[in-house]
Amino acid sequence: VEASIPEPQREAWLKNQASGFKGKDEFEKEVVRHVETTLARSMFNCDETAAYAATSLAFRDRLVIEWNRTQQRQTFADTKRVYYLSLEFLMGRALDNAMLNVGEKETAKSGLSDLGFRIEDIIQQENDAALGNGGLGRLAACFLDSLASLDYPAWGYGLRYRYGIFKQEIIDGYQVEVPDYWLDFNPWEFPRHDVTVDIQFYGYVKKTTDESGKVTAHWEGGDTVRAVAYDVPIPGYATPATNNLRLWSSQAASGEFDFQKFNSGDYESSVADQQRAETISAVLYPNDNLDRGKELRLKQQYFWVAASLYDIVRRFKKSKRPWREFPDQVAIQLNDTHPTLAIVELQRILIDLEGLDWDDAWNIVQQTFCYTNHTVLPEALEKWSVGLFQHLLPRHLQIIYDINLFFLQTVERTFPKNREILSRVSIIEESQPKMVRMAYLAIVGSHKVNGVAELHSDLIRTTIFKDFVTIFGPDKFVNVTNGITPRRWLHQANPGLSDLIATKVGGPELFLKDLTLLNKIELSVNDPAFRKAWAEVKLANKQRLADYIKTTTGFTVNPKALFDVQVKRIHEYKRQQLNIFGVIHRYLKLKAMTPEERKEVPPRVSIFGGKAAPGYWMAKQIIHLINSVSKVVNNDPDIGDALKVIFIEDYNVSKAEIIVPASDLSEHISTAGTEASGTSNMKFVLNGGLIIGTCDGANIEITREIGEENIFLFGNLAEDVDDLRHNHTYGDHKTDPELDQVFDAIHGGTFGSVNDFQGMISAVRDHGDYYLVSDDFHSYLETQDLVDKSYADQELWITKCITSVSRMGFFSSDRCINEYAEMMWNVEPLQPETNIGVAKGE
Ligand code: CGF
């Protein structure tokens with residue numbers, strides 16, 4: 001690398017190369033320098049916001065130096081890279097993570113203290129980077145952390161939304177959405193105004209034929225929007241490797257507004273083009289597991305994949321390798337179907353722009369892509385109308401039709417005269433209007449497809465993608481059970497527990513790199529001092545949450561009570577309604593008891609949190625019911641500490657970091673077969689909480705790992721769901737009598753006007769109870785009784801918690817990434833000390 005600097009200047013460059021701060025004195029110096037020069041603030045007037053900004057900039061300097069080196073190393077090594085395409089990256093805060101990953105948190109703590117600040121206060125100044133809805137986006141963030149920590153040469157590609165997921169306010173018990181303008185000050189990104197790509201929309205297709213008779217398509221006309229790159233460094237833990245997350249922002253292709261219109265007095269429309277272009281990356285669609293089919297969303301998808309592919313192809317072309325080597329250098333992972341257009345775009349680049357034959361190009365495409373499916377819910381499976389495609393992306397529609405034709409021809413050859421299978425697997429759904437089925441396109445254009453937990457992968461193989469297993473064979477469909485990064489979800493969120501574990505395992509840098517080492521703590525399960533320390537850590541975490549609840553809701557909760565938590569997106573299939581109906585049942589039971597009897601029941605705090613999609617009426621009704629119950633129960637003098645109900649406003653990643661370590665019990669109670677995996681279930685168990693759950697998603701593998709005796713499972717199984725639903729419609733379906741009592745209380749006005757909650761009751765009683773709330777209610781209550789009994793025996797409870805944590809090693813996202821790398825991507829880590837050889841050029 002050094003040799004690329006001309007000899008006469010080399011010495012000056014090398015002598016002065018940046019290294020970032022080392023040690024406390026240099027850290028302090030850097031912070032003060034950033035306060036005074038970068039922020040142009042007087043050091044006599046530095047508040048917490050400025051101290052946060054300066055600390056972040058000091059760490060950013062460190063990261064960016066390693067980031068430059070990592071990129072150089074990867075370019076020189078010229079090995080295969082992974083590109084993770086995700087429309088969502090739910091990163092949360094970056095400063096704490098950066099401090100931990102580069103191993104300088106103690107330096108910062110003591111340096112900030114010298115300067116008059118508490119590190120905890122400084123960390124809290126940061127806005128969450130909330131570019132995601134829930135599990136899918138947070139999974140992508142965990143994967144970036146693991147990719148860097150394991151030294152894989154990898155880039156993430158996403159959109160730089162100006163507004164992330166909305167902020168939730170609860171006003172009079174109702175959810176109100178407030179825009180999340182998070183970019184006010186973001187020290188973690190580098191605008192790359194020199195890295196831009198012009199993206200075409202609309203227009204028409206012209207075909208030309210050359211002398212040899214070869215036909216070439218030309219996509220002409222239409223609008224152009226400019227994509228500008230913003231780079232975010234992603235530091236690995238205990239490695240200098242720092243990867244890149246490239247987020248695209250949209251702006252008008254000319255970069256300016258229309259001066260002619262401006263000068264002629266047409267002020268408003270002079271900026272209209274600019275605003276229209278900026279709209280593309282303006283806002284994250286706030287739907288989780290729901291496809292709404294809006295044109296702007298398809299525009300976002302194409303804008304982002306086209307810019308990313310341009311970048312990837314440009315990088316590949318610099319190596320001057322032949323096209324057939326593209327899949328040896330590039331693996332592209334499609335996180336859900338949102339980036340499926342990348343398949344079509346690469347085929348277009350290869351045949352229209354690079355002149356490859358269809359078959360050669362298609363072979364390259366298939367070898368390059370892999371697709372992750374995250375759901376079997378029909379309402380979440382993306383489809384786009386053919387008409388919209390024709391209008392927005394006319395050339396892509398032609399290519400999709402050709403992909404489909406060639407695919408169906410091979411199906412016809414294997415299953416002659418089987419018209420049903422042809423129409424079932426066709427990428428084009430022959431409906432009114434015709435639709436493009438994105439999941440099918442993703443399967444056909446990829447060489448591997450994975451589900452995200454064993455049950456889920458089995459379900460996709462046997463239900464929604466069954467025909468494709470018959471066509472392509474079973475090897476194309478694999479399982480990679482989700483995981484979480486232990487850096488954020490143990491070490492950062494729960495420093496007390498991490499330190500305690502370290503006393504038995506030999507330092508965080510060991511188990512945070514290899515989470516299976518947690519099994520060593522099982523040897524200490526009967527050690528009284530360890531158990532005592534364990535209980536103290538949990539109590540301190542609960543006290544921290546109790547304080548947070550007090551300041552944000554005004555309610556006082558007893559930290560010795562059982563903290564029962566359900567935090568996740570509000571969705572009927574996740575069944576927060578089952579939980580709140582259970583809470584009402586508990587309340588009615590407590591009300592019917594004498595004060596003496598009440599004292600015998602272990603006190604409980606039921607904690608909820610989560611956002612409802614703005615247009616999801618039923619989910620909003622659930623939030624309203626929880627808040628109405630909270631108001632009644634928490635102010636009922638008969639009840640006191642026996643039961644408190646809390647709704648935590650605006651649940652997000654940094655709140656999860658306070659909530660997860662404080663739980664005794666968390667709820668993962670989706671209707672069996674509906675939750676693909678879940679990842680918060682893993683976070684809660686890793687933090688020493690037990691779970692109550694259905695046999696769904698990754699709950700099943702958690703049970704397998706930690707043992708049946710350490711989890712509270714209940715409810716019907718996935719294989720019974722269809723029969724039960726059938727029976728609801730055609731059989732004699734009666735609501736569970738205990739649930740009837742709950743409904744009677746709601747009807748009686750105990751929690752306000754019944755009109756506000758009628759929809760929730762009717763969904764169970766009159767509309768077929770699709771989510772089996774009534775079917776599972778009795779089993780749920782019985783299991784909650786069992787929880788009460790188990791919690792009363794604290795000795796046994798702690799044994800269950802320690803044992804469970806010790807067996808959670810499997811759920812590290814490092815394990816997932818290694819599985820993806822081996823089974824799907826065929827990439828190797830690039831150790832920092834690798835001999836970098838001769839550069840092929842970036
Ligand atoms: O992806 C989800 C989540 N809601 O974002 N799906 N989507 N779409 C699933 O529902 C979760 O079960 C899963 O854990 C997550 C990540 O794979």
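In which helix is N699 found? I began with this residue and found N699 in helix 30, which covers residues 699-706. For helices I used DSSP runs of H or I with at least four residues, and for strands runs of E with at least two, both numbered from the N terminus.

**Basis of the entries**

I worked on a predicted model, in which local features need pLDDT of at least 70 and side-chain atom pairs count only at pLDDT 80 or more, while totals for chains, interfaces and linings use all residues. Residues are numbered from 1 along each chain as its sequence is written, and side-chain values use heavy atoms, with hydrogens and water left out.

**Entry 1**

I looked up the accessibility of N699 and noted a relative accessible area of 2%, so N699 is buried. I took buried as under 20% relative accessible area, exposed as over 50%, and partly exposed as in between, with a 1.4 Å probe and protein chains only. The side chain of N699 reaches the backbone oxygen of H668 at 3.1 Å. Leaving out residues up to four places away in sequence, I listed H668, N681, I691, G693, T694 and I711 as touching N699. A contact here means heavy atoms within 4.5 Å.

**Entry 1: helix 19**

Which residues of helix 19 are buried? In this helix (residues 454-462) I recorded L455, H456, S457, L459 and I460.

**Entry 2: the chain as a whole**

I counted 36 helices and 24 strands in the chain. The C-alpha trace spans about 95 × 75 × 65 Å along its principal axes. I compared the radius of gyration with the globule rule: a compact globule of 842 residues would have a value near 28 Å, and the chain has 28 Å, which agrees. The radius is taken over C-alpha atoms, and the rule is 2.2 Å times the number of residues to the power 0.38.

Of the 842 residues, 59% count as buried. Among contacts between residues at least 6 apart in sequence, I noted that 77% join residues at least 24 apart. The chain exposes about 33500 Å², of which carbon and sulfur atoms supply 51%. These areas come from the Shrake-Rupley method with a 1.4 Å probe; for residues, only the protein chains shown count as cover.

I also noted 90 positive and 118 negative side chains, with the centres of the two sets 3 Å apart. Lys and Arg count as positive and Asp and Glu as negative, without His and the chain ends. Each charge is placed at NZ of Lys, CZ of Arg, CG of Asp or CD of Glu.

I located Q175 in strand 6. Is Q175 buried or exposed? Q175 has a relative accessible area of 8% and is therefore buried. Its side chain makes a polar contact of 2.9 Å with the side chain of Q168 and another of 2.8 Å with the side chain of E177. A polar contact is a pair of N or O atoms within 3.5 Å; within protein, one must be able to donate a hydrogen and the other to accept it, and residues adjacent in sequence count only if both atoms are side-chain atoms. Not counting residues up to four places away in sequence, Q175 touches residues including F166, I170, K611, A612, K620 and I623.

D172 is found in the loop between strand 5 (167-171) and strand 6 (174-178). I recorded D172 as exposed, because its relative accessible area is 69%. D172 and T372 are 200 residues apart in sequence, and their C-alpha atoms lie 40 Å apart in space.

**Entry 3: backbone details in loops**

I found a cis peptide bond from Q432 to P433, with omega near 0°. P433 is in the loop between strand 15 (428-429) and strand 16 (435-437).

D151 is not a glycine, yet has a positive phi of about 65°. I placed D151 in the loop between helix 7 (135-149) and strand 4 (154-159); D151 is buried, with a relative accessible area of 9%. D650, also not a glycine, has a positive phi of about 55°. D650 lies in the loop between strand 21 (643-648) and helix 28 (653-659) and counts as buried at 8% relative accessibility.
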